[in-house]
Amino acid sequence: MEYNANFSERVLVRFNGGNWQASPMAGVDRHMLDRIGDEVARATTIVRYAKGSNFSEHTHDGGEEFIVLDGIFQDEHGDYPAGSYIRNPPTSHHIPRSDEGCTIFVKLWQFDPDDRTQVKIDMSKMQSISAANRKGVSIMPLFQDACETVQMEVWDADSEITIDLPHGGEFLVLDGSFTEGNDIITRHDWLRIPMGGAFHAKAGQDGAKVWIKTGHLRYVKAIDI
């Protein structure tokens, strides 16, 4: 299966409550953003766990990165409330579930194969830092290596935002909204800008909180399993 698999194109996927498709596990549904592969895939997805649902134990051979958007995600290692940013590197494994239900944004098979860095951050308990030479912007660093930079940015109301993207970028709205091109992009909408692109936006009247990943699109390929 391929979905939004032309990485030379700008892609915007609106959430609008989710275009849900059932997963192999009862109570776990998926809203696809991009995908290369079938059930095991290089994928970016919003996943919804119904109350009391779970997924069987599995190993993340290609790594897993996720943000809890609402509710509480759980596994045998702990409980992760809304605002949690988690990186489970290649070879990690767990048994995911949600007793009360949750929604997560998740990326699979997109790690450096040698990455073994575990990250667990509750963004709701961290302060963002004013960005030098970027008026109206503050930054919460989440992860950085030679392949990619991941951060959450807070944009003041009506701020003008410009980001050069020689290696492309992804943007997920966690709260608020912004205008980019002719599009008004709102909560849980997802935007992908291709390599060589640039990002020119204006934050909405209530500002915006946006998860941003850059640098990684130069490494896109189908998974080898």
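In which loop is the place of threonine 91? Threonine 91 lies in the loop between strand E10 (84–88) and strand E11 (92–94); strands (E, at least two residues) and helices (H or I, at least four) are DSSP runs numbered from the N terminus. The structure is a predicted model, in which local features need pLDDT of at least 70 and side-chain atom pairs count only at pLDDT 80 or more, while totals for chains, interfaces and linings use all residues. Residues are numbered from 1 along each chain as its sequence is written, and side-chain values use heavy atoms, with hydrogens and water left out.

**Overall form**

- The protein chain contains 0 helices and 22 strands.
- A compact globule of 225 residues would have a radius of gyration near 17 Å, and the protein chain agrees with this because its own value is 17 Å. The radius is taken over C-alpha atoms, and the globule rule is 2.2 Å times the number of residues to the power 0.38.
- Along the principal axes, the C-alpha atoms of the protein chain fill a box of roughly 45 × 35 × 30 Å.
- Buried residues account for 52% of the 225 residues in the protein chain. Buried means under 20% relative accessible area, exposed means over 50%, and partly exposed lies in between (1.4 Å probe, protein chains only).
- The accessible surface of the protein chain is about 10600 Å², and 48% of this surface belongs to carbon and sulfur atoms. Accessible areas come from the Shrake-Rupley method with a 1.4 Å probe, and for residues only the protein chains shown count as cover.
- Of the contacts (heavy atoms within 4.5 Å) in the protein chain between residues at least 6 apart in sequence, 67% join residues at least 24 apart.

**Nonpolar cores**

- In soluble globular proteins, nonpolar side chains tend to be buried together.
- A nonpolar core is a set of buried Ala, Val, Leu, Ile, Met, Phe, Trp, Tyr and Cys residues joined through side-chain atoms within 4.5 Å.
- The largest nonpolar core has 22 residues, of which Ile67, Tyr85, Phe105, Met123, Leu142 and Trp211 touch the most other members. Two or more residues of this core come from each of strand E2 (11–13), E8, strand E14 (119–122), strand E16 (137–144), strand E17 (149–155) and strand E19 (169–180).
- Another core, of 19 residues, lies apart from the largest one and has Ala131, Ile139, Leu165 and Ile212 among its members.
- Beyond its neighbours within four places in sequence, leucine 142 is in contact with Tyr85, Val119, Ile121, Met123, Val150, Gln151, Met152 and Trp211.

**Aromatic rings**

- The whole structure holds 10 aromatic pairs. Rings of Phe, Tyr and Trp (its six-membered ring) pair if their centres lie within 6.5 Å; planes under 30 degrees apart count as stacked, over 60 as edge-to-face and the rest as tilted.
- Tyrosine 49 and phenylalanine 73 form an edge-to-face pair, with 5.7 Å centre to centre and 80 degrees between the planes. This pair links distant parts of the chain, as tyrosine 49 is in strand E5 (residues 41–49) and phenylalanine 73, 24 residues apart from it, is in strand E8 (residues 64–75).
- Tyrosine 49 and phenylalanine 73 are both buried, and one aromatic cluster is formed by Tyr49, Phe66, Phe73 and Tyr80.
- The charged end of arginine 87 sits over the ring of phenylalanine 111, 4.4 Å from its centre. Arginine 87 also lies over the face of phenylalanine 143, at 3.6 Å from the ring centre. A charge sits over a ring if NZ of Lys or CZ of Arg is within 6 Å of the ring centre and within 35 degrees of the ring normal.

**Threonines of strand E5**

- Threonine 44 is found in strand E5 and counts as buried because its relative accessibility is 0%.
- The C-alpha atoms of threonine 44 and histidine 31 are separated by 9.1 Å, and these residues are 13 apart along the chain.
- Threonine 45 also has its place in strand E5; with a relative accessible area of 4%, threonine 45 is buried.

**Loop residues**

- Threonine 91 has a positive phi of about 85 degrees although it is not a glycine, and at 49% relative accessibility threonine 91 counts as partly exposed.
- Aspartate 158, in the loop between E17 and strand E18 (160–165), has a positive phi of about 65 degrees although it is not a glycine. Aspartate 158 counts as partly exposed, at 43% relative accessibility.
- Aspartate 61 is located in the loop between strand E7 (58–60) and E8. Leaving aside neighbours within four places in sequence, aspartate 61 is in contact with Pro90, Thr91 and Trp109.
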